[in-house]
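Subject: Handover of a structure and findings

Dear colleague,

Please find the structure below, together with its sequence. My notes on it follow, and I would be grateful if you read them with the structure open.

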Amino acid sequence: AWKKHSAKEFKTKDQFEADVVRHIETTLARSLFNCDEAAAYAGTALALRDRLIIEWNRTQQQQTFADPKRVYYLSLEFLMGRALDNAILNVGMKDVAKQGLEELGFRMEDVISQERDAALGNGGLGRLAACFLDSLATLNYPAWGYALRYRYGIFRQEIVDGYQVEVPDYWLDFNPWEFPRHDVTVDVQFYGGVRKYTDDSGKQLSVWENGEIVTAVAYDAPIPGYGTRTTNNLRLWSSKASHGEFDFTKFNSGEYEASVADQQRAETISAVLYPNDSLDRGKELRLKQQYFWCAASLFDIVRRFKKSKKAWKEFANQVAIQLNDTHPTLAIPELMRILLDQESLEWDEAWSITQATFGYTNHTVMPEALEKWSVPLVQHLLPRHLQIIYNINFHFLQYVERNFPKEREMLSRVSIIEESEPKRVRMAFLAVIGSHKVNGVAELHSDLVRTTIFKDFVKIYGPDKFTNVTNGITPRRWLHQANPRLSALIASKLGGHDFLRDLNLLHKVEAYVDDEEFRKEFRAIKYANKVRLAKYTKEVEGITVNPSSLFDIQVKRIHEYKRQQLNIFGVIHRYLELKAMTPEARQKVQPRVSFFGGKAAPGYWMAKMVIHLINQVGKVVNADPDIGDLLKVVFLSDYNVSKAEIITPASDISEHISTAGTEASGTSNMKFVLNGGLIIGTCDGANIEITREVGEDNIFLFGNLAEDVEDLRHAHFYGDSFHLDPSLQRVFDTIRSGTFGDAGPFSGLVDSIVDHGDYYLVSDDFKSYVETQGLIDEAYKDQEAWLTRTITAVSRMGFFSSDRCIDEYAEMIWNVEPLPPPKMN
Ligand code: 26V
């Protein structure tokens, strides 16, 4: 009943065309006669935006009027990618736009690819947030995202001499999707001090004062749902000096330079996305970003709540705030500060409101990624918040002491304050204590959360506070948009595109697994997608690959725990085996292309050396006349969301091979299977649930299990002398001999395994990895059986929609209901 028929309302292709032309000629002041693809993109985006804005405004009016409980998703990262294609799809104008553009002499694909990615994120955590916004709008939940408007998103990656070089990503040149709200500002304070005073009624209060003020300015972006008029809001905060252009007092007294410097210092806060996704370096600017964003968002949320004139006890019935990892944890003491110092609530009432409001999602159990801020730094930057944190800790520890009088050692283990030198605030503990629910992102991960990092807290609060919500992906972008032909094939059999809103309907595809016509088209689609990637690879990386080869793809951030090194060692092993074969033996070999892609954090040496090794191996292997098409190695530079849309549908096999227990979920694993590829993977993250859904025959699992990791690590240090599989030894010898260029840069990689305990268990899993790749080669030769497996797997992927995931959050964590979309008239 909530379906809309916007294509009709949005009139005809002629009107669409007229709008595009009008925008090109007036808004952009360009002539149609020298209209290039960039101008065509701009005109199209602006024309579409006009339609979008109407639904957006109505949705917001509707939400203001109905005043339902809203969800606020606080995430420092939203890896949105391109907006145009998604907006066209979601407002139901695909055909109109395509035809209109054709008449103007443009191909839709070319126009769409003019847009720069909005790359405000590092990897999985940021892309998950973007999928969630899509699902929240599609399911008609009243929801806002809050983040920072970074001037620079994640860096662009260039490969120079086989090494990663980072180039700034200035993405705001032309961004038709954001709307500055110069009237929506919040003044945010830093530094200063706390003064205690007694009010008229004799109550003791605190005030934080004499700090430095920076102004947050709101920029809004519309988030259209698919097949609904609901268009939600993503609000990004930009920082500027509180006195506007420059400080007039300073300016008038001749300190022009100082006033400009002040201005720049303020703008630095939202200048750049931190390109790390694991190592926490505790930089002051990062803490400033976090507080700036939390304070502005909380002020905005509280302002909206206060308009409704409801009592404070209603706050958590009107507001659900989800913390995407610990990055927004300062929102907890900030809400306490507002309730205590500005609204004069008593501690207990303020605390119960706060706890009922927040939910916290954990995305990693790896110790080096858990945020801990030094107490002196917090004291300096946020003196009032430190007091509140100490108070929260005091109340919490008292509770623990009362309930577990015999376990005094527990107190120091669970304290928010780590007794190190200097002392540090454990943000994850603060997030757990200040939230009513804590969730992990896949079953194994949520189990590890409960049994490792938050074990004591399960005992303290009981098991119900901890839950699992397995991640998902939006089928709009990751099926329909990335793989339109597969989406069309499925639609032709299922009688329409309803599966894009209810992905469980995919199960009906399984009925066609033996349908010859269906199989033929399914196979042709996969081949076409491989041809497209081959073409891209030739154009961009200058490497020729044969689309009939098995396409093996590993694209994700480069990290030791994700084990791209295991993959490239396996590739080297394959190369050595091929070299040792007779020409006759080579005839029987399954040709393969190994694709890699992903960014390394700029300061992460090991990750950068992995990139270098991949490129060096590629140079040698790709030029070896003995090898020809039997093996090619490609590093796809600057992996991002829009490139993922080309890469994902082209895989036969994708690699998700993290050390068991280290990858919280993974989401690209879901994308690849949904697009008709199979997985080689470890028993880690969501791979386990994917196996349960698609069946053990339709996935290639290998390697040690999470439960054995600790013992294996121990054995590396204390066991009998370290012994390497001979084939891995041979790989290392080959690297050391200089076959892939100067071995110097690679010594760290090899030594980390041979001399430094092989923390990620590459040596333990190597043999089983190589054997499993052998099974894949054999299985791939039976193309019919392979096709059956891929079709079966696709039909069983319904569970991994982010729509399912968002419904689970809504029910188990937020207690929110959808709001019927606005009526149009
Ligand atoms: C941590 C840190 C630490 C301090 C420096 C900046 C920074 C930035 C991001 C992070 C978060 C790391 C956690 C993360 O990205 N986890 C990934 O989340 C995905 C979505 O749940 C999941 O699929 C991946 O398995 C998980 O690695």
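In strand 11, which residue is the bridge partner of Ile-223? The bridge partner of Ile-223 there is Asn-232.

Two conventions apply to everything that follows. The model is predicted, and local features need pLDDT of at least 70, side-chain atom pairs count only at pLDDT 80 or more, and totals for chains, interfaces and linings use all residues. Residues are numbered from 1 along each chain as its sequence is written.

Overall form

The protein chain contains 34 helices and 24 strands; these are DSSP runs numbered from the N terminus, with helices being H or I of at least four residues and strands being E of at least two. For 825 residues, a compact globule would have a radius of gyration near 28 Å, and the chain agrees with this because its own value is 28 Å. That radius is taken over C-alpha atoms, and the globule rule is 2.2 Å times the number of residues to the power 0.38. Along the principal axes, the C-alpha atoms fill a box of roughly 95 × 75 × 60 Å.

Buried residues account for 48% of the 825 residues. A residue is buried if 20 or more other C-beta atoms lie within 10 Å of its own, exposed if 12 or fewer, and partly exposed in between, with C-beta atoms placed from the backbone. Of the contacts between residues at least 6 apart in sequence, 77% join residues at least 24 apart; a contact requires C-beta atoms, placed from the backbone, within 7 Å.

Strand 11 and its surroundings

Strand 11 (residues 231-241) is mostly covered, with 10 of its 11 residues buried. Strand 10 (residues 212-224) pairs with strand 11 in the antiparallel sense over 11 bridges, where pairing means that DSSP finds at least two bridges between two strands. These two strands form a hairpin with 6 residues between them, and Gly-227 in the turn has a positive phi of about 65°. Strand 4 (residues 143-148) pairs with strand 11 in the parallel sense over 5 bridges, and Tyr-146 stands opposite Arg-235 in strand 11.

Thr-59, in helix 3 (residues 37-66), counts as buried because it has 26 C-beta neighbours inside 10 Å. Leaving aside neighbours within four places in sequence, its contacts are Arg-229, Thr-230, Thr-231, Asn-232, Pro-821 and Pro-822. Thr-59 and Thr-230 are 171 residues apart along the chain, while their C-alpha atoms are separated by 5.7 Å.

An open sheet of 6 strands has the order 21-20-19-22-23-24, with parallel pairing. Strand 21 (631-636) and strand 24 (700-701) stand at the edges with a single partner strand each, so one side of each is left without a neighbour in the sheet. Strand 19 (residues 550-555) and strand 22 (residues 653-656) are joined by 2 bridges, and Ile-553 has Ser-654 as its bridge partner in strand 22.

A sheet of 3 strands, also open, has the order 14-16-15 and antiparallel pairing. Strand 15 pairs with strand 16 (residues 424-426) over 2 bridges, and the bridge partner of Ile-417 in strand 16 is Val-425.

Domains and ligand

The domain assignment, which is automatic or from a database, gives domain 1 (67-82 + 117-471 + 808-814) and domain 2 (547-787). Their C-alpha centres lie 36 Å apart. Contact between them involves 35 residues of domain 1 and 31 residues of domain 2. On the side of domain 1 that touches domain 2, the elements giving two or more residues are strand 2 (78-81), helix 7 (124-138), strand 5 (156-160), strand 6 (163-167) and helix 18.

In helix 18 (residues 443-451), Leu-444, His-445, Ser-446, Leu-448 and Val-449 are buried. Their cover includes strand 17 (437-440), strand 18 (466-468), helix 28 (687-694) and helix 29 (706-718).

Of the 23 residues around the ligand, Gly-124, Leu-125, Asp-280, His-363 and Ser-665 come nearest; a residue is near if its C-beta atom, placed from the backbone, lies within 6 Å. The shell divides into 6 nonpolar, 12 polar and 5 charged residues. In this division, Ala, Val, Leu, Ile, Met, Phe, Trp, Tyr, Cys and Pro count as nonpolar, Asp, Glu, Lys and Arg as charged, and the others, Gly among them, as polar.

With kind regards

How values were computed: Two residues are in contact if their C-beta atoms, placed from the backbone, lie within 7 Å.
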